[in-house]
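Reader: I've got a structure open and I'm a bit lost. Could you walk me through how to read it?

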Amino acid sequence: MGTQPQPKVRFPKLSGSSARVLLLIAAVGIALLTGGVLVSRHVILAGGAYSNYPPAKATEMAREQQAMATARANSNKPSKATEIPSSPQPTATFQAGIVNAHQAPFPPSVFFVNNSYAGPVNGVWEVVYAGRVTNQDGSAGQGGLRIYNMVTDTNLGQFLAPAGTSALTITAVNGVVMQLRSDSGQLLTFNLQTHQYGQG
Amino acid sequence: MALGVGRWACSACKQIMSLLFARLRFRAIRVMALGVFVASLCSVFVNLHPAHVFAIQAEPPADWSFYVQTTNTTTAYNLGKNQGAYDASHGNINSEVVVDFGGQVSDSSGAWMVNQKGKITNAQIEGVADNFAMGYWDGTGAHDTTSVLTLGIGTNNSYQDVNYNGGYQWAQLVGTINTDIKNSGWSSQVTAVGGNDIEPDWYDAPDTTSWAQGYAAYGGRYLNYGSADGCPQTTSSGGNCDNGWTQHDVWYVSWGDPPAYPIPEIYFTSNALEWTMISLYGAQVQGGAVQMQGPWDEYDEDQSTLTSAQAWTDFWTDLNSHSQTAQSMPYAAEIHTESSS
């Protein structure tokens, strides 16, 4: 029984076409890598300057910066700037009443305001925003009110009208009873003390 | 005999070493070539999806903007001084702040402050803005002469005077404030610009566009710190938004109009997508991406919305997921109510 011949160890020689192919792959890789890095840096850096601004905007920014540089060159900043005395300040007073404005300290994508009312309730100044909530998909949701304390600017709560009621508008306030009308014409009341809705 | 064995052993050893070196050399070159090739593929990937490879840009400090609630100039001075002291103590950094005076009244004589705090006249707006600027100048101290405050004089499109004249008058008011700043010697560190919280849900596009054009007619620049209500989150072909607005309309009042610079509301993840598509609309249809000043959050007003860090991450990531809108942003902002801050 003869011994089985050992398989001969084989490995390619690094000469000729194999080496050239590998060198070619490496060269192409290096070229791509270098180009890629350069382009990437351009993408990132370009956003940081005004190079992507339209000419009118770039000119305005340059003008602004030039004016500031000129002012800085001529500035001799004292240790403390001389304060200009303020004019006498009027005492802050709140004005009661209905304001037909949409503005509020929250966005219309959360709660859309039709109008608002400011006035004292049990001696505390409140602002009541009338409108409707905005659904997650952006569609108009249920009508309701949002009430804030005017002094502390804190949110006292959101009070939704009965189901099916569309956006509310404040039409009048008599004492603590608020008269409301929905976009669909429904009339309601809201008691500012008890925070309860009623039929208008 | 021993010598023969030794020679045989040495010869075998040489052969083994030769085999090993040849194999190692081959493997080393093969690994190197493959490594370079993989790296090159990665670089191509980077160009297509830079945000996935590069680390997110670090968020700058979120500058506090304010709903102005009082005509008291001392309050404004103190808020400006706080900002100046902050900027000076953090390496003489720049900041961008908006003081929001509410919607303009119909005769352009002032604005109606948010939270029903009543009317503030143009003269009172000027006083509040001047004192904020003075406070900043003082707050930066004697040694900080390089920090710069961009002070936005803000209104919105929710009330009256949303028209050409309203825009012109507001720009003129900003011009007056800048003259005050210059004459007072603060202009090396403070510049006033306009501001408008433009929200499609609040007013129609034609009138709001007229306001923007009126502002442009006078000159200067303004920040749009508004929303893109109902605008598409995945398409950028000029699609429809709420209240009859389109992506084009939002683009125009935010960037297309020469004075306009956007620092948009990013209250929810969807807002970042909406504004990224506005920027992409600019890139694909108008010849250039909209360059954002940064995200504007309202976490201090409503803790159910994104924090400043979340708004930054969402917005930056969305913008930089498209090669055409990839950009860095200089600022971050957060709105506060003046009296509760």
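**Reading the model, piece by piece**

Author: Let's start at one residue: B:Cys231 sits in the loop between β8 and α7 of chain B. Helices (H or I, at least four residues) and strands (E, at least two) are DSSP runs, numbered from the N terminus. Before going on, note that this is a predicted model, where local features need pLDDT of at least 70, side-chain atom pairs count only at pLDDT 80 or more, and totals for chains, interfaces and linings use all residues. Residues are numbered from 1 along each chain as its sequence is written, while chains are lettered from A and ligands numbered from 1 in the order in which they are written.

Reader: Okay! Does B:Cys231 count as buried or exposed?

Author: The rule is a neighbour count: a residue is buried if 20 or more other C-beta atoms lie within 10 Å of its own, exposed if 12 or fewer, and partly exposed in between, with C-beta atoms placed from the backbone. B:Cys231 has 28 C-beta neighbours inside 10 Å, so it counts as buried.

Reader: Which residues does B:Cys231 touch?

Author: For contacts, the C-beta atoms of two residues, placed from the backbone, must lie within 7 Å. Leaving out residues up to four places away in sequence, B:Cys231 touches B:Cys241, B:Gln247, B:Val250, B:Glu274, B:Met277 and B:Ile278. Sequence distance and space are separate things to check: B:Cys231 and B:Gly288 are 57 residues apart along the chain, and their C-alpha atoms are separated by 19 Å.

Reader: Now the sheet. In what order do the strands of chain B lie?

Author: Strands of a sheet pair through backbone hydrogen bonds, either parallel or antiparallel. Here, two strands pair if DSSP finds at least two bridges between them. Chain B has an open sheet of eight strands in the order β9-β8-β7-β6-β2-β1-β11-β10, with parallel pairing. Its edge strands are β9 (260-262) and β10 (296-297) of chain B, each pairing on one side only. At the β9 end, three bridges join β8(B) (residues 222-224) to β9(B), and the two run parallel. There, B:Leu223 stands opposite B:Tyr261 in β9(B). Helix α7 (residues 247-256) of chain B packs on the sheet, touching β8 and β9 of chain B, and its direction makes about 105° with that of β9(B). For such angles, axes are lines fitted to C-alpha atoms, for helices over the stretch in contact, and angles run from 0 to 180 degrees between N-to-C directions.

Reader: And β1(B)? Which strands does it bridge to?

Author: Six bridges join β1(B) to strand β11 (residues 332-337) of chain B, and two join β1(B) to strand β2 (residues 95-100) of chain B. B:Ser65 has B:Ile335 as its bridge partner in β11(B), and B:Phe66 has B:Val99 in β2(B). Five of the six residues of β1(B) (residues 62-67) are buried, so the strand is largely enclosed by the rest of the structure.

Reader: How do I read the length of a helix?

Author: The expected span is 1.5 Å times one less than its number of residues. Helix α5 (residues 164-183) of chain B has 20 residues, so it should span 28 Å; its end C-alpha atoms are 29 Å apart, which agrees. Its buried residues include B:Trp170 and B:Leu173. Those buried residues pack against β3 (103-104), α4 (122-140), β6 (149-156), β7 (190-197) and α6 (205-218) of chain B.

Reader: What should I know about phi?

Author: Most residues other than glycine have a negative phi, and most peptide bonds are trans. A:His195 has a positive phi of about 60° although it is not a glycine. A:His195 lies in the loop between β8 (187-191) and β9 (196-199) of chain A. With 12 other C-beta atoms within 10 Å, A:His195 is exposed. B:Gln116, also not a glycine, has a positive phi near 60°, but B:Gln116 is buried, with 28 other C-beta atoms within 10 Å.

Reader: Last one: what is the mean pLDDT of chain A?

Author: pLDDT is the predictor's confidence in each residue, from 0 to 100. For chain A the mean is 79, and 68% of its residues reach 70 or more. Over residues 1-13 of chain A the pLDDT is below 50, and beyond near neighbours in sequence this stretch has six contacts in the model. Where pLDDT is low, the predicted coordinates should not be read in detail.
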